[in-house]
Amino acid sequence: MKQRIATAVIGLTIFFAILALYQTIFLNISAAVIIFLALHEMFHVTGVWENKALSAVCLLFGCALPFFNIEQARQWLVYGEAVFALAIFGILLFYHESLHYTKAATAFAATSVISYTTSVLIWLRQASETPLEGIYYTLLAFGLAWLTDTGAYLFGITMGKHKLAPKISPKKTVEGAVGGVVFCVVTVLLLSLFCQWAGRSIWGVQLQIRYLLLVLMTPVGALVSMLGDLSASLIKRQCGVKDYGSLMPGHGGIVDRFDSVFFVLPFVFLFIRLFPIVR
């Protein structure tokens, strides 16, 4: 537990340091680093890393994505994805004796999912009218993921009795899942109130939050977070590993910590495009 808390404190310190440089290219670089580390772990677990050419092409494409803005993504990334797919098939043909098509498909899927969802961090910033709005949406996305996980963990170890998905994630319980949703709703509301107060009192910026929309969105976001967690756990189980890595002691690897974030970020982006939470 002490190791888990210490890692969380260090991780949150880095996270808030990145937010302090939110308007700079450092956010793009941070997103690229997350993509690199997550793909590196995923490729090791799934065996893709055995083919260095395939891994290198995927890492190059994935890490370049956070440096494209929304307009560039709309204009060029369809063509970029086509070129990326052609490169994957070219590598598959060249290494057909040692590279199975399932690994090529895994590399393509993992790269596309992880790089696109992480790049939403950059597109959230661009879609926001003010820096504070962008920071709030970023906090909201990470809060939905990490607060749900924290609540599920706390309620699970204290009240958990009924297994949620024993063959996929043996430690997860129904009580923990319900507690995670409740905990997420309460803490997200408190976080939003704090952001409103900080914006007004510290930066002199009024953050108008539509709390009814927020209350409606938060439980759904918490469930999306759990879906991401269980999906990543399923891949681990089928690959026969406990964690994706050991970069974060007590938490596992980057994918273990960001699996829910990869699902929640595009959910938040889509939701606020349809129903803006900040006026």
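User: What makes Leu164, Val174, Val178, Val182, Val186, Leu190 and Leu193 a nonpolar patch on the surface?

Analyst: This is a predicted model, and the answer rests on its coordinates. Patch members need over 30% relative accessible area and no salt bridge, and nonpolar side chains are joined within 5 Å. The seven named residues are Leu and Val, and together they form a patch with about 580 Å² of accessible area.

User: Which helix gives the most to the nonpolar patch?

Analyst: Helix H7, spanning residues 174–201, gives the most, with 6 residues. Val186 is among the residues placed in helix H7.

User: Why is Val186 called partly exposed?

Analyst: Buried means under 20% relative accessible area and exposed means over 50%, with partly exposed in between. Val186 has 45% relative accessibility, so Val186 counts as partly exposed.

User: How do you know that the radius of gyration of the protein chain agrees with a compact globule?

Analyst: For 279 residues, a compact globule would have a radius of gyration near 19 Å; the protein chain has 19 Å, so the two agree. Along the principal axes, the C-alpha atoms fill a box of roughly 60 × 50 × 30 Å.

User: How many helices and strands does the protein chain have, and in what order do the elements run?

Analyst: The protein chain has 9 helices and 2 strands. From the N terminus on, the order is α-α-α-α-α-α-β-β-α-α-α.

Notes:
Residues numbered from 1 in each chain as written. Predicted model: local features only at pLDDT ≥ 70, side-chain atom pairs only at ≥ 80, totals over all residues. Heavy atoms only, no water. Patch = residues over 30% accessible without salt bridge, like charges linked within 9 Å, V, L, I, M, F, W, Y side chains within 5 Å. Areas by Shrake-Rupley, 256 points an atom, 1.4 Å probe, with all protein chains shown as cover. Salt bridge = Lys/Arg side-chain N within 4 Å of Asp/Glu carboxyl O. Helix = DSSP H or I, 4+ residues; strand = E, 2+ residues; numbered from the N terminus. Buried < 20%, exposed > 50% of the residue type's maximum accessible area, 1.4 Å probe, protein only. Rg over C-alpha atoms; globule rule 2.2 N^0.38 Å.
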